[in-house]
Every structure is written in structure tokens, then in C-alpha cells.
Amino acid sequence: MTLVWNQPVEAGVVSMNNKVTLACKECGSRNYSTTSNKQTQTERLELKKYCSNCGAHTVHKETK
């Protein structure tokens, strides 16, 4: 079976993309959520995003 974008997922089929939360490294607030493919990307995701608590662009790291 091939997975096609925007089609319903059958019962028992596990999605490759997992929902992850990004937390600010400076203040620890969890501001963003995104998806990450665990099969192709084994290390934790780090992105530079705007933190409304810090008021600046800071590094946000994937949390559990």
C-alpha cells in the first residue's frame, strides 16, 4: 500500500510523521508544535523561532 497525501488513513496503519512540541531553550516555554518523521530524522529537531515570552528569536528544541 502506498501512502498518498490527503487521503484517509485506514485502521491499523501507523503514520510516519509524529507530532512534536518545540520548547524555547532560554525560558523553557512550549510555543510551537510541528510534525517530524522519526524514520528519516533520528536526532531532535532544533529551529530558530520567535519566542513571545523572551521577545526575541531563540533556538527552540524538540521536547517529548
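Start by selecting residues 17–24 and 30–37. These strands, E1 and E2, form a hairpin with five residues between them, and Gly 28 in the turn has a positive phi of about 85°. Strands (E, at least two residues) and helices (H or I, at least four residues) are DSSP runs, numbered from the N terminus.

The model is a predicted one, in which local features need pLDDT of at least 70 and side-chain atom pairs count only at pLDDT 80 or more, while totals for chains, interfaces and linings use all residues. Residues are numbered from 1 along each chain as its sequence is written, and side-chain values use heavy atoms, with hydrogens and water left out.

**Stop 1: the turn**

Select Gly 28, in the loop between E1 (17–24) and E2 (30–37). Gly 28 has a relative accessible area of 43%, so it is classed as partly exposed. The classes are buried for under 20% relative accessible area, exposed for over 50%, and partly exposed in between (1.4 Å probe, protein chains only).

Is Ser 29 buried or exposed? Ser 29 is buried, because its relative accessible area is 14%. Show its side chain together with that of Asn 31: a polar contact of 3.1 Å joins them. A polar contact is a pair of N or O atoms within 3.5 Å; within protein, one must be able to donate a hydrogen and the other to accept it, and residues adjacent in sequence count only if both atoms are side-chain atoms. Leaving aside residues up to four places away in sequence, Ser 29 touches Leu 22, Ala 23, Cys 24, Cys 51 and Asn 53. Contact here means heavy atoms within 4.5 Å.

**Stop 2: the sheet**

Switch to a cartoon view of the whole chain. The protein has four strands and zero helices, and along the sequence the pattern reads β-β-β-β. The four strands make an open sheet in the order E2-E1-E4-E3, with antiparallel pairing. E2 and E3 (46–51) are the edge strands, each pairing on one side only. On average, neighbouring strands of this sheet are turned by 40° against each other, direction ignored. Such angles run from 0 to 180 degrees between N-to-C directions, with axes as lines fitted to C-alpha atoms, for helices over the stretch in contact.

Next, go through the pairs. Two strands count as paired if DSSP finds at least two bridges between them.

- E1 and E2 run antiparallel and are joined by seven bridges; Asn 17 stands opposite Asn 37 in E2.
- E1 and E4 pair in the antiparallel sense over four bridges; Ala 23 has Lys 61 in E4 as its bridge partner.
- E3 and E4 (residues 56–63) pair in the antiparallel sense over six bridges; Glu 46 has Lys 61 in E4 as its bridge partner.

**Stop 3: inside E4**

Select His 60, which lies in strand E4. His 60 counts as buried because its relative accessibility is 0%. A polar atom of the His 60 side chain lies 3.1 Å from the backbone oxygen of Thr 58. Beyond residues up to four places away in sequence, His 60 touches a list of residues including Leu 22, Tyr 32, Leu 45, Leu 47, Tyr 50 and Cys 51.

**Stop 4: the salt bridges**

How many salt bridges does the structure hold? The structure holds two, a salt bridge being a side-chain nitrogen of Lys or Arg within 4 Å of a carboxyl oxygen of Asp or Glu.

Select Glu 46 and Lys 25, whose salt bridge has its closest N and O atoms 3.3 Å apart. This pair links distant parts of the chain, 21 residues apart: Glu 46 in strand E3 and Lys 25 in the loop between E1 and E2. Glu 46 is partly exposed at 41% relative accessible area, whereas Lys 25 is exposed at 52%.

Then select Lys 38 and Glu 62, where the closest N and O atoms of the salt bridge are 2.5 Å apart. Lys 38 is partly exposed, with a relative accessible area of 34%; Glu 62 counts as buried at 5%.

**Last stop: the whole chain**

Of the 64 residues, 19% count as buried.
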